[in-house]
Every structure is written in C-alpha cells, then in structure tokens.
Amino acid sequence: MINAGGLVRLGALATLPIVASACQYIPALPSLPSFGPAPRAICSGSGLTVDIDFAEAGRHDCIIGPDGSVVVSVDHEPAYVESINPSPWFAFRITTEDAREATVTLDYTDYNHRYAPYVSADGHSWRKLADSQVTLNEKKSRATLKVDLTAGANWIAGQPMSPSSDNLDWTRAVLGGFGFTEMKYGESLEGRPLVGFVGGGSLEAIVVLTRQHPPETSGQDAYRGFLERLLKRGDDKALAFRNRYRIVIAPMPNPDGVDAGNWRLNAGGIDLNRDWGTFSQPETTALSQWIVAAAGGRRVVSMMDFHSTDKTVIYAPPLESASPTIALLPFLKQAFDSKLSAPPEWNYNHNPNGGTSKSWALEALKAPGITVELWDQIPTADARKLGATAADALIDYFAK
Ligand SMILES: [Zn+2]
C-alpha cells in the first residue's frame, strides 16, 4: 500500500494507515476525506479519486503520478485455459472536486488498445472521445487519453456501459403488452438469476440470444433492433409470423461476467460460447435445457446469437447442412445485401465440436445457428438497422 514518489495507491484490502511521499509520512485517510468508505476505490491523490465500485467496472489498479496524471492498468479475468480473446474492457470512475483536463493512460501490458473510450457524467449518457484525444504508444499497449473532467463523477469506459440489469430491463420494457412470459431458467455460478422470455405463437419457434461475451454491446444493439422490428412491425405478414412462431429470448446469459467487467468469460473462467457441448457451466447447461423445453418439441427454424468483433460478419452453417430451414440463409444474405449500405461478410462453416451456440443449434435443434457479429465501432443506428433487417427477413421468409 505504500509507494515511493508521493503516489497514493489504495488496494481492495486497504488497511493503509500510512502513505509515503518523497519526504514525509502522512496519515492517508484523514487527508482524503472525499475518499469516503468506498471499498473498491483504487487510487487517490491530487484531488482525484478513481474507483471501480459499480457493476460492469473493469479489473483495474491505478496510480496518480506527481503531475496529477492517472495510469490505470487494464487486466483480464482469470481464464481456466490458456489465452483469452483480446477484448480489453475498461470501465472506471474518476471523481474530482473541480472541473479540469486530466491525462489518463490505460496500460494494457501485453494486450493492445481495442475499445474506443467513452465518457459520461452520469453513467447513462455517453460521449465518445475524439480521436485527437487518444494517443497510442508504438506497441498500442498504452493509450493516453485527454479527458475534460466535470466536477463530481466521470465514468470512462470502452463502450457505453450496459450492466446485466440494463438489457433485462430493456427487453422487459419492449415486450410489455405483447403477452410474453418472463421466467428464471436457472442461476449463474455466482447465484444471479438467469432470465428468459417466451411469447408469440405456438406452431414453430425461433431463438435469439446476446451478451454471452460481456463487452459486446454493439451486438446487443443489433439484438434490440431485431426484437423491436419483430414485435412492432404491423403488416399482415408480421402478424402472421407472431401468431405462428414461439419467440424464445435470452437477453443476458452471462450476468456474472458482464457485471464483473470480464473481457470474455463467465465467473468460472470459461468462454460460454465454447461450452455448448461439454456444458461444464451452469449458464450453458441451464440455457440449452431451457431452449429445448421452451421450444417444446416445435421445429426451431432459426437461432440467432448477437456478438461483436472487429468487423461486421455473419458466421453461418454451410448451405448444404442438414436443416429443413437452411434456405433462410441466402434469403437473409440477400436482405442484408440489398438493404444495408455496408452489408456483412459471410463465413460458412460447421464444427460440431466447437462448443458454440451456432453449432449446438444445428446439432441439437436442426436449426440454422447464426452468429451475428457487429463491428465494435459500428454506429448504433446501423447496428439496429442490421438487426431490424434480420427480423424483416425472418418475417418475410417464414410468414405463412
Ligand atoms: Zn462474442
């Protein structure tokens, strides 16, 4: 807890009666009244306090240098197997007594900066930093941000934040009045409820998922565009679709990972979208069993799982796959190609042992499992439009 050079560094176990400066020792807590009781504040000094005491905060430590600049380390969660997808999520809060410009460096050690920084004064309304406010070192392992802090709290995060409650609340609200049933289909490793929604018709079924991977919120934006269009399109085809197809929705299959600020994994250190075969984790076990139960023996004609990556791309099974509704795929591709200004690439493959929801859908449900990947930096409106276009394609292809 003691650093040379006048730096104040408070860890999670901060007993910290003493802080060292270059020339004298002073009691830490009495000199930092604004620090308060927050147990997860990670550093403080020069009138700034940095903390991670909120859902979806990243895994950080930090120092405040003699010049008042802040250096925040960006770490990943413990991974059960070697290597982790380089999705270096960050989210922390800087509280300042006075408005000022601050220099904040993100230190990724062996990883590279990926997510464009966003700032917020309330944790809800976000502004992306201009490119001119972000400087990378040559290795891209450190990103230095120039941030105009407002007096009070300032959140800095890799995307507009969306903790686990957010997509559940959004889904609950958009489904309101459409006769959906909300149910707890299981519990996460840390005991959080796993919540799904079922509604629509009763003859056949579709399945939709998002947020297996915590930081992938542009995929969640597409999911939202998809669901809104699926529910709110008002023509006869849309009504016929909703009367025929049971709609099975899992908006938050990895709440522990999301709220812990994980890069990729659940609380067990497992990539859930590689676990749909071994089912070693409660989240995948409960979700797969619930999907089968919710489909209730009906034919599942499509299972879409929305994600994010460094480009917008569709991962689909080969067109010759043994699924009675595989011809949805060229119809969906045609819809994207004709309606989107930047249509996604397509990648066709099937690995029955890959452990993805996509491969499980084909193996277990004979449904085309479709992984819809949105570019990290795609504008929200474009992500929503892609989702809406996918919903239109399902309605237009399947409505009878
Ligand atoms: Zn993903």
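The model is predicted: local features need pLDDT of at least 70, side-chain atom pairs count only at pLDDT 80 or more, and totals for chains, interfaces and linings use all residues. Numbering starts from 1 along each chain as its sequence is written.

The chain holds 8 helices and 21 strands (DSSP runs numbered from the N terminus, helices being H or I of at least four residues and strands E of at least two). Its radius of gyration is close to the globule-rule value for 400 residues, so the chain is as compact as a globular protein of that length. The radius is taken over C-alpha atoms, and the rule is 2.2 Å times the number of residues to the power 0.38.

| Quantity | Value |
|---|---|
| Radius of gyration of the chain | 23 Å |
| Box of the C-alpha atoms, along the principal axes | roughly 80 × 40 × 40 Å |

Of the 400 residues, 47% count as buried, that is, with 20 or more other C-beta atoms within 10 Å of their own, the C-beta atoms being placed from the backbone.

Helix H2 (residues 217–232) packs against helix H8 (residues 380–398) at about 45 degrees, with axes 6 Å apart. Axes are lines fitted to C-alpha atoms over the stretch in contact, and angles run from 0 to 180 degrees between N-to-C directions.

Terms used. Buried ≥ 20, exposed ≤ 12 C-beta atoms within 10 Å, placed from the backbone.
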